[in-house]
Amino acid sequence: MTRPTLLTPYEGPHLALPNRVVMAPMTRGRADDATGVPHPLTAVYYAQRAAAGLIVTEGLWPHVLGKGGPGIPGLVSDAQVAGWREVTEAVHAAGGRIFAQLWHVGRMTHPLNLPGRATPLAPSAVRIEGEPIYTSRGDVEHVTPRAMTTAEAEAAVADFAAAARNAIRAGFDGVEVHGANGYLIQQFLAENTNRRTDRYGGSRNGRLRFALDAVEAVAAEVGAGRVGLRISPHNPENEIAEEDPQGTYRTLVDTLDPLGLAYLHVIERGAYGALADLRPRWSGTLIGNFNGPDPTTQKSGEVVVAAGLADAFSFGRYFIANPDLPHRFATGAPLARPIESLIYGGGAEGYTDYPAAPVPTA
């Protein structure tokens with residue numbers, strides 16, 4: 001039996017992809033900060049990358065208190081929905097498929113980023129000590145978040161579902177629930193950031209409850225086959241410390257697998273070999289990702305897909321500077337690197353002005 005490659009088409013229970021090169025969600029910080037409406041060039045940016053097997057957008061906040069910094073777009077208002085409809089129409093016209101990532105940052109924000117200088121919300125009042133947070137005034141120290149009440153946690157679940165409904169209104173093919181990288185859902189999962197004693201804390205099952213409620217609510221709203229979940233087991237990013245990642249994520253995956261979600265998107269980082277451990281427990285589509293200091297190479301993704309540890313593999317920063325990344329993988333064309341100073345914020349420069357590779361002439 002021939003082993004699949006990144007360029008092999010994929011046919012899954014809910015996804016039909018022309019290749020297995022997924023564009024990972026990446027913050028670009030170019031939305032109108034006052035309205036959360038995507039930048040006018042966002043449709044061009046994503047349409048340029050429509051050759052990806054699947055595009056997952058930058059994180060979109062389902063509630064303004066979940067906004068992580070300047071220029072982060074939302075998916076709450078009619079104006080935001082209309083702005084994203086222009087994006088989905090452009091991607092579909094270019095032959096692509098696109099999911100919206102729903103991203104609530106929890107404690108990973110600052111009053112300077114929030115309306116009325118509100119205090120960030122989190123599962124528990126646990127402050128980030130070691131790293132600053134970016135705001136419109138530059139890097140500042142974190143504040144201590146306010147622990148969400150049970151009612152506020154339930155309302156946040158409803159916010160995820162409402163944003164998913166807005167995503168479908170905007171023409172997205174589906175949504176990805178962001179449960180990774182130390183943001184709100186992982187803050188509920190991790191022992192060091194969840195010190196609650198209500199139904200959303202305490203035991204492992206309590207710490208899992210918010211993630212399960214959010215995914216189940218989104219699936220009930222738009223259909224499980226339109227819903228992906230991104231996780232990053234044992235990822236210390238944003239001062240997350242998970243004491244038993246294997247137990248936590250095995251239980252999470254075992255509970256969600258029967259729902260028949262569109263996919264599970266697993267970021268592998270740290271000592272826990274999440275892909276090898278969770279692949280046998282997940283019967284649906286699995287997308288792999290490596291989160292490290294350097295961009296993942298084509299070879300790394302090929303090894304994971306060929307070994308059957310994932311059905312597709314997502315690439316982040318290479319897609320910034322290589323809008324035609326699958327073509328470059330296929331032809332061996334050189335890969336450009338993004339200009340670091342132009343990744344976040346700004347306009348066309350460093351956003352829509354990276355060229356496709358020249359097409360060889362006969």
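Student: Leaving aside neighbours within four places in sequence, which residues is N166 in contact with?

Tutor: In this predicted model, N166 is in contact with L75, V76 and V81, once its neighbours within four places in sequence are left out. The residue itself belongs to helix α3, which covers residues 150-169.

Student: What makes N166 count as buried?

Tutor: Its relative accessibility is 8%. Buried means under 20%, so N166 qualifies.

Student: Why is Q101 called buried?

Tutor: The same cut-off applies, under 20%. Q101 has 2% relative accessibility and therefore counts as buried. Q101 sits in strand β5, residues 98-102. Neighbours within four places aside, its contacts are P25, V56, T57, E58, G59, L60, E176, H178 and R230.

Student: How far is Q101 from L286, in sequence and in space?

Tutor: The two are 185 residues apart in sequence, and their C-alpha atoms are 16 Å apart.

Student: How do you know whether S232 is buried or exposed?

Tutor: S232 has 0% relative accessibility, so it counts as buried. S232 is in the loop between β11 (227-231) and α6. Residues up to four places away in sequence not counted, S232 touches A180, N181, Q186, E242, Y249 and I267.

Student: Why is E239 called partly exposed?

Tutor: Buried stops under 20% and exposed starts over 50%. E239 has a relative accessible area of 28%, so it is partly exposed.

Student: Which residues of α5 and α6 meet?

Tutor: From α5 come R204, N205, R207, L208, A211, L212 and V215; from α6 come G247, T248, T251, L252, T255 and L256. By class, this contact has six nonpolar, five polar and two charged residues.

Student: Which residues of α3 and α5 meet?

Tutor: A153, A156, V157, F160, A161, A164, R165 and I168 of α3 meet F210, D213, A214, A217, V218, E221 and V222 of α5. This contact has twelve nonpolar, no polar and three charged residues. The axes come within 8 Å and cross at roughly 35°, and the crossing is right-handed.

Student: Which residues have the most contacts inside the largest nonpolar core?

Tutor: Y46, F210 and L252 have the most contacts inside this core, which has 79 residues. Its largest share, nine residues, comes from α5. Apart from it lies another core of eleven residues, among them L17, V22, L54 and I287.

Student: What does F210 touch, not counting residues up to four places away in sequence?

Tutor: F210 touches A153, A156, V157, F160, L184, I185, F188 and Y200 on that count. In soluble globular proteins, nonpolar side chains tend to be buried together.

Terms used:
Residues numbered from 1 in each chain as written. Predicted model: local features only at pLDDT ≥ 70, side-chain atom pairs only at ≥ 80, totals over all residues. Heavy atoms only, no water. Contact = heavy atoms within 4.5 Å. Helix = DSSP H or I, 4+ residues; strand = E, 2+ residues; numbered from the N terminus. Nonpolar A, V, L, I, M, F, W, Y, C, P; charged D, E, K, R; others polar. Core = buried A, V, L, I, M, F, W, Y, C linked by side-chain atoms within 4.5 Å. Buried < 20%, exposed > 50% of the residue type's maximum accessible area, 1.4 Å probe, protein only. Axes fitted to C-alpha atoms, helices over the stretch in contact; angles between N-to-C directions. Left-handed = near helix turned anticlockwise from the far one by under 90°.
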